[in-house]
Amino acid sequence: MKIGSKQPKLERDINLFEATIYGIGLILGAGIYALIGKVYGTAGSASWISFLVAAGIALMTGLSYAELASTFPKSAAEFTYVKEAFPTRKAFHFTVGWVLIFSGFISTATVALGFAGYFIGFMGAVNPASATIVVSIVLIVLLSLVNFIGIEESAKLNIIFTFIEAAGIIFIIIIGFMNLGNSRGVDFFAVPNGTNFFLAIMTAASLIFFAYIGFEDIANIAEETENPTKTIPRALMLSILVTTILYMLVAFAISSFDPATLDASPNPFATIASSILGSDLAIIIISIVALFATANTVLVMLIVSSRMLYGMSNGGALPKIFSKIHRRTHTPWVAVIFTMIISISFLFLGDIEIVARASIFSVLLVFFIVNVTLIYLRKSQPELERPFKVKPTIKWMPLFPLIGAITCFLLLIMFADFTTWDYYFLLLIQLIIIVIGLGLYFIWEWYKRRHPSSL
């Protein structure tokens, strides 16, 4: 920043390597550690096919994000894309941004509680319930401090955490293949007895898809990335590719295990490690890795949520205070502090699992909207400069975003059993989240009309 400049700006400190590692850390997160047991219990030794299918589904939407990020390299990515496509639909722009910010706050609190659970399991506590809240608060505060200090520092910590996460997965891959070599032979197309092959593969794929959620958040660091029109699309594609390779290697490595055993395990990777190595040390190693995985997810969600607030504020959808940049750290400090406070407040809800599931529903809904937005922009604004353009197309219709929209819509239906009340309860929570967002939007619009001089 030059001396005498009035308004500091975000700094472009993130290169392709850092952006890719950032994406890998987002995707790996804590999801695969929890989901692998259910996936393997559903599809058995054929799980690798489910991973491949899920990667293909993620890639369809990932390509849409890549094109839109190259065309509009801004923070609050989804909000920006919808705003550019439907400029007069202000309530729609706001609602899309709101549901993602809300899901970010909830996800941060949920994963922080998960971290606290692992941590207390190591340390022990006289009052586990109170200790869980305290540990979660300390984690969010410390990582918010990292977020405030600078994006480069956050990226470096993310790189360390991500390599530890990946090391844990590679550890499972190595010992799994060692065990596989001692087995009598594995049918890599076998599903658990009595299960329809196609149904097992697709059901497992729908579960695995949630282990890929996170790649889209790479787009929200566009304003802090070097040459974002090229870097962001490449980082998106590379992060999906690398994690797909790791996931498929895991699926092959564990294919000699009993599906029912892993399905019933609360910590499937620890179960795999201890059964092969016959030592409690393996469980300790995997649990420590899980601590880093959950901490990394919290760090990244804090960054993403604060950049969403910053981007929406810059776009006029939120008060300008959220777009204030600190002169020394060049980070959106008000948005960082607000994200920390609201994320901490959600810790006190108690059991937030049902709200967390609703936030995943929100992400799927936004994926559908993003794919449709790209399709609409291709039709309405064909003259736009698109440094990265998804091919092939049928006339003006991009094929992969169309498939992405269809698959995301189907996943919304498959997200839960729609024959149960739980599904409709999730829909009700989602509706409440949207109504609250619309309420905030109309209050803010009313305030702007009444006090234009204060903006």
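Before we start: what you see is a predicted model.

Let's begin with helix α12. It runs from residue 280 to residue 314, which gives 35 residues. From first C-alpha to last, α12 reaches 51 Å. That is close to the 51 Å expected at 1.5 Å a residue. How many of the residues in α12 are buried? The count is 27 of 35, and α12 is mostly covered. After the helix comes G316. Its phi is positive, near 85°.

Next, the aromatic rings. The structure holds 22 aromatic pairs. Take one of them, F322 with F338. The ring centres are 5.0 Å apart, and the planes stand at 65°. That makes the pair edge-to-face. Where do the two partners sit? F322 is in the loop between α12 and α13, while F338 is in helix α13, residues 333-346. They are 16 residues apart, and the pair links distant parts of the chain.

F322 has 10% relative accessibility, so it counts as buried. The cut-off for buried is under 20%. F338 has a relative accessible area of 31%, so F338 is partly exposed.

Rings also gather elsewhere. Which residues do ring pairs link into a cluster? They are Y65, Y81, F209, F215 and F367.

On to E67. You will find E67 in helix α3, which covers residues 47-71. Is E67 buried or exposed? Its relative accessibility is 2%, so E67 counts as buried. What does E67 touch? Leaving aside residues up to four places away in sequence, the contacts are L374, R378, R386, F388, K389 and V390. Compare that with T331. E67 and T331 are 264 residues apart in sequence. In space, C-alpha to C-alpha, they are 26 Å apart.

Last stop, the surface. Here there is a nonpolar patch. Its members are F425, L428, L431, I432, V435, I436, L440 and I443. Together they have about 720 Å² of accessible area. Pick out I432. I432 belongs to helix α16, residues 421-450. With a relative accessible area of 43%, I432 is partly exposed.

To recap: α12 is mostly covered. F322 and F338 form an edge-to-face pair. E67 in helix α3 counts as buried. And I432 is part of the nonpolar patch on the surface.

Technical notes: Residues are numbered from 1 along each chain as its sequence is written. This is a predicted model: local features need pLDDT of at least 70, side-chain atom pairs count only at pLDDT 80 or more; totals for chains, interfaces and linings use all residues. Side-chain values use heavy atoms; hydrogens and water are left out. Helices (H or I, at least four residues) and strands (E, at least two) are DSSP runs, numbered from the N terminus. The expected span of a helix is 1.5 Å times one less than its number of residues. Buried means under 20% relative accessible area, exposed over 50%, partly exposed in between (1.4 Å probe, protein chains only). Rings of Phe, Tyr and Trp (its six-membered ring) pair if their centres lie within 6.5 Å; planes under 30 degrees apart count as stacked, over 60 as edge-to-face and the rest as tilted. Contact means heavy atoms within 4.5 Å. Patches are made of residues with over 30% relative accessible area and no salt bridge: like charges are joined within 9 Å, nonpolar side chains (Val, Leu, Ile, Met, Phe, Trp, Tyr) within 5 Å. Accessible areas come from the Shrake-Rupley method with a 1.4 Å probe; for residues, only the protein chains shown count as cover. A salt bridge is a side-chain nitrogen of Lys or Arg within 4 Å of a carboxyl oxygen of Asp or Glu.
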